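Open your viewer and keep the sequence panel beside it.

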Amino acid sequence: MTPTAAEPDRITLSGLRARGFHGVLPAERELGQEFVVDVTLRLDTRAAAAGDDLAETVDYGTLAARLARVVEGEPVRLIETLAQRLADVCLAEERVTEVEVSVHKPGAPIPLPFDDVVVTITRRRG
């Protein structure tokens, strides 16, 4: 039996809320709305655990602030585009090998009862 690489560890940040002005409709871009972001980072945390060293992992507090700035920043029409921008921020962390990003738009302009609209993407380091 050939040994296989261990599944990477995960760090998940869920329910990050920020106000953005993303959407296709003019009212969405004028009034804005709350977006909710979940990210799951895949990385090896063994060095961080062995040395009890934050410098060997991802500082999720700092990452959360960077993600919120993206949501609050330059408007885009599609939440797919927003999700990609958020993934790019996560992959800028040198230890992250893969990220799953979900962008929730609970206030989407849908004229029917619904709970949420979510776009989820997975991106890997090139």
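Helices (H or I, at least four residues) and strands (E, at least two) are DSSP runs, numbered from the N terminus. The expected span of a helix is 1.5 Å times one less than its number of residues. You are looking at a predicted model, where local features need pLDDT of at least 70, side-chain atom pairs count only at pLDDT 80 or more, and totals for chains, interfaces and linings use all residues. Residues are numbered from 1 along each chain as its sequence is written, and side-chain values use heavy atoms, with hydrogens and water left out.

**The whole chain**

The protein has four helices and four strands. Along the sequence they follow the pattern β-α-β-α-α-α-β-β. The C-alpha atoms fill a box of roughly 55 × 35 × 25 Å, taken along the principal axes.

Now colour by burial. Buried means under 20% relative accessible area, exposed over 50%, and partly exposed in between (1.4 Å probe, protein chains only). Of the 126 residues in the protein, 37% are buried.

**Strand β2**

Select residues 33-43, which form β2. Which strands pair with β2? Two strands pair if DSSP finds at least two bridges between them. β1 and β2 run antiparallel, joined by 10 bridges. Find D9: it stands opposite L43 in β2. β2 also pairs with β3, again in the antiparallel sense, over seven bridges. There, V37 has V103 in β3 as its bridge partner. Nine of the 11 residues of β2 are buried, so β2 is largely enclosed by the rest of the structure.

**Helix α4**

Move to residues 79-91, which form α4. This helix has 13 residues and reaches 18 Å from its first C-alpha to its last, close to the 18 Å expected at 1.5 Å a residue. Show its side chains. Which ones are buried in α4? They are I79, L82, A83, L86, A87, V89, C90 and L91. An α-helix has 3.6 residues a turn, so residues three or four places apart point the same way. The buried residues of α4 pack against β2, α3, β3 and β4, with contact meaning heavy atoms within 4.5 Å.

**The nonpolar core**

A nonpolar core is a set of buried Ala, Val, Leu, Ile, Met, Phe, Trp, Tyr and Cys residues joined through side-chain atoms within 4.5 Å. The largest one here has 29 residues, and V39, L41, L67, L86, V99, V101 and V103 touch the most other members. β1, β2, α3, α4, β3 and β4 each supply at least two residues of this core. The largest share, eight residues, comes from α4.

Zoom in on L41. Leaving aside residues up to four places away in sequence, its contacts include I11, V58, L63, C90 and V99.

**Glu at position 28**

Select E28, in helix α1 (residues 26-31). Is E28 buried or exposed? At 7% relative accessibility, E28 counts as buried. Next, look for polar contacts: pairs of N or O atoms within 3.5 Å; within protein, one must be able to donate a hydrogen and the other to accept it, and residues adjacent in sequence count only if both atoms are side-chain atoms. The side chains of E28 and Q33 make one of 3.3 Å. A polar atom of the E28 side chain also lies 3.1 Å from the backbone nitrogen of V24.

**Last stop**

Finish at L78, in the loop between α3 and α4. At 43% relative accessibility, L78 counts as partly exposed.
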